[in-house]
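Have a look at the model first, then read on.

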Amino acid sequence: MSKSERCPICGAPTVPAERPFCSDRCRHVDLHRWLTEGYRLPAQEDESEQPDPEQ
Ligand SMILES: [Zn+2]
């Protein structure tokens, strides 16, 4: 049974070694996309609220 998967990047048939992509290039494209999307997310705000006891 050979189920033909398709590369989510370019739509070409995937290669077992590069699943779920068809090539190393598409793998990098997807990774780049993922990273780009990730950078849009707001960074975790490291605000440690320490109420001033002097006030
Ligand atoms: Zn591809």
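The four donor atoms around the zinc ion subtend angles of 99 to 117°, so the arrangement is tetrahedral; to count as such, all angles have to lie between 85 and 135 degrees. For reference, the ideal angle for four tetrahedral donors is 109.5 degrees. Keep in mind that this is a predicted model.

Who does the holding? Click on the SG atoms of Cys7, Cys10, Cys22 and Cys26: these coordinate the zinc ion, at 2.2 to 2.4 Å. Read along the sequence and you'll find the donor residues spaced as C-x2-C-x11-C-x3-C. As for how covered they are, Cys7 has a relative accessible area of 3%, so it's buried. Cys22 comes in at 16% relative accessibility and therefore counts as buried too, because the cut-off is under 20%. Cys26 is likewise buried. If you were looking for disulfides, the structure holds zero of them.

Now to the charged side chains, where the count comes to three salt bridges. In one of them, Arg19 meets Glu5 at 3.0 Å, N to O. Both residues lie in the segment before H1, so the pair ties together parts that are 14 residues apart in sequence. Glu5 is partly exposed, at 30% relative accessibility. While you're at Arg19, check its backbone as well: the peptide bond from Arg19 to Pro20 is cis, with omega near 0°. Pro20, too, lies in the segment before H1.

Arg27 is worth a stop, with salt bridges to Glu18 at 2.9 Å and to Asp24 at 3.8 Å, both N to O. Arg27 and Asp24 sit three residues apart in helix H1, so about one helical turn separates them. Through shared partners, the salt bridges join Glu18, Asp24 and Arg27 into one network. On the accessibility side, Arg27 is partly exposed with a relative accessible area of 30%, and Asp24 is partly exposed with 39%.

Last, follow helix H1, which covers residues 24-40 and includes Leu31. Which residues form the nonpolar patch on the surface? They are Leu31, Trp34 and Leu35, with about 340 Å² of accessible area together. Leu31 has 45% relative accessibility, so it counts as partly exposed.

Note on methods. Residues numbered from 1 in each chain as written. Predicted model: local features only at pLDDT ≥ 70, side-chain atom pairs only at ≥ 80, totals over all residues. Heavy atoms only, no water. Donors = N, O, S within 2.8 Å, 3.2 Å for Na, K, Ca; no water. Tetrahedral: all angles 85-135°; square planar, octahedral: opposite > 155°, others 65-115°. Buried < 20%, exposed > 50% of the residue type's maximum accessible area, 1.4 Å probe, protein only. Disulfide = S-S within 2.5 Å. Patch = residues over 30% accessible without salt bridge, like charges linked within 9 Å, V, L, I, M, F, W, Y side chains within 5 Å. Areas by Shrake-Rupley, 256 points an atom, 1.4 Å probe, with all protein chains shown as cover. Salt bridge = Lys/Arg side-chain N within 4 Å of Asp/Glu carboxyl O. Helix = DSSP H or I, 4+ residues; strand = E, 2+ residues; numbered from the N terminus.
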